Amino acid sequence: MLWDTHMHSQFSGDSHTPQEDMIAAAKQKNLKGICFTDHLDIDYPDEPETFLLDLPNYVSSVEAMQEKYKEILPVRLGIELGLQPHLAGIHADILSQYPFDFVIGSSHVMHGVDPYYPAYWENHSEEEGYREYFESILENIAAFDGFDVYGHIDYVVRYGPNKNANYSYQKYADIIDEILKALIIKGKGIEINTGGFKYGLGHPNPAEDIIKRYHELGGEIITIGADAHQPEHVAFDFEKVPSILKEAGFTHYTVFKNRKPEFILIP
């Protein structure tokens, strides 16, 4: 009976799944509620049109789902912004125009490159690539704080040459702590993204040690999402989430409505 507040539909450039199919999967898995967070990545390298979101139709579609399923399943309107410092003003303008419940700020593109593509790793060692990714997060937080949580903080390890085989919080603790402190100072949260399990990491994004460290530093806002792009990945490995959160020191998780956090006790 958890909420899945990070999922994508046919409006995201990397999904073709109708929203109703994602809702059907959420109902089948007895979720307490969901939030659509389709991608908007402006100025995406090489393929700038790929992650442009048809905002008017996306918003109206989610609102139609909210009305249709209001007696069955809460459906909230979110967005996942691909942050880059030079987009701060554009993002602020967009958020002022639409009634989002929830905004994830994520780093996909750093310094003009997405580490999803092998070309990034041709010019970086694994450690250099990971550290530059974390540095780009700090740059984004300094430039823009219009989001509610920062998405999959260690997304980069999904695509590194050895994924997370040589990666740990401790290895990058200096800069990860800077990120977490900056988020806490600004009243922002993080997410536990179970997509890491789907990608074979054996851990969520971010890893458990980072979730625990966020709590130790005073962080309170933590949302849950599977980062699903297909129905079969809705609530992926959610059975692992309560124990991960409790072991990190949390008694609750967070959902957002009208950009305001609601705290729900972990079952």
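**Helix pairs, sheet and loops**

Me: Is the crossing of α1 and α2 left-handed or right-handed?
Reply: Helices here are DSSP runs of H or I with at least four residues, strands are runs of E with at least two, and both are numbered from the N terminus. A crossing is left-handed if the near helix is turned anticlockwise from the far one by less than a right angle, and right-handed if clockwise. For α1 and α2 the crossing is right-handed.

Me: What kind of model is this?
Reply: Residues are numbered from 1 along each chain as its sequence is written, and side-chain values use heavy atoms, leaving out hydrogens and water. Local features need pLDDT of at least 70, side-chain atom pairs count only at pLDDT 80 or more, and totals for chains, interfaces and linings use all residues, in what is a predicted model.

Me: At what angle do helix α1 and α2 pack?
Reply: Axes are lines fitted to C-alpha atoms, for helices over the stretch in contact, and angles run from 0 to 180 degrees between N-to-C directions. Under 35 degrees counts as roughly parallel, over 145 as roughly antiparallel, 65 to 115 as roughly perpendicular and the rest as oblique. α1 and α2 are therefore oblique to each other. Their axes are 11 Å apart, and the angle is about 40°.

Me: Which residues in α2 meet α1?
Reply: Contact means heavy atoms within 4.5 Å. α1 brings Gln-19, Glu-20 and Ile-23. In α2 they meet Tyr-58, Ser-61, Val-62, Met-65 and Lys-68.

Me: How many charged residues are in the contact of α5 with α6?
Reply: Ala, Val, Leu, Ile, Met, Phe, Trp, Tyr, Cys and Pro count as nonpolar, Asp, Glu, Lys and Arg as charged, and the others, Gly among them, as polar. The α5 side includes Arg-131 and Glu-135, and the α6 side includes Asp-174 and Glu-178. The contact of α5 with α6 has nine nonpolar residues and no polar ones, and its charged residues number four.

Me: Are α5 and α6 oblique or roughly parallel to each other?
Reply: These two helices pack with axes 10 Å apart, at an angle of about 20°. α5 and α6 are therefore roughly parallel.

Me: At what angle do helix α6 and helix α8 cross?
Reply: Ile-176, Asp-177, Leu-180 and Ile-184 in α6 meet Ile-210, Arg-213 and Tyr-214 in α8. α6 passes α8 in a right-handed crossing. The axes come within 10 Å and cross at roughly 45°.

Me: Which strands stand at the edges of the sheet?
Reply: Two strands pair if DSSP finds at least two bridges between them. The open sheet has seven strands, in the order β1-β2-β3-β4-β5-β6-β7, with parallel pairing. Each edge strand has a single partner, so one side of each is left without a neighbour; these strands are β1 and β7.

Me: Which residue in β3 stands opposite Leu-40?
Reply: Strand β2 covers residues 33–40 and strand β3 covers residues 75–82. Seven bridges join them, and they run parallel. Opposite Leu-40 stands Leu-81.

Me: Which residue forms a salt bridge with Lys-186?
Reply: A salt bridge is a side-chain nitrogen of Lys or Arg within 4 Å of a carboxyl oxygen of Asp or Glu. The structure holds 10 of them. In this one the closest N and O atoms are 3.5 Å apart, and the partner of Lys-186 is Asp-145.

Me: What is omega of the cis peptide bond that joins Asn-205 and Pro-206?
Reply: Pro-206 sits in the loop between α7 and α8. Its peptide bond with Asn-205 is cis, and omega is about -5°.

Me: What is phi of His-111?
Reply: His-111 lies in the loop between β4 and α4. This residue is not glycine, yet its phi is positive, near 50°.
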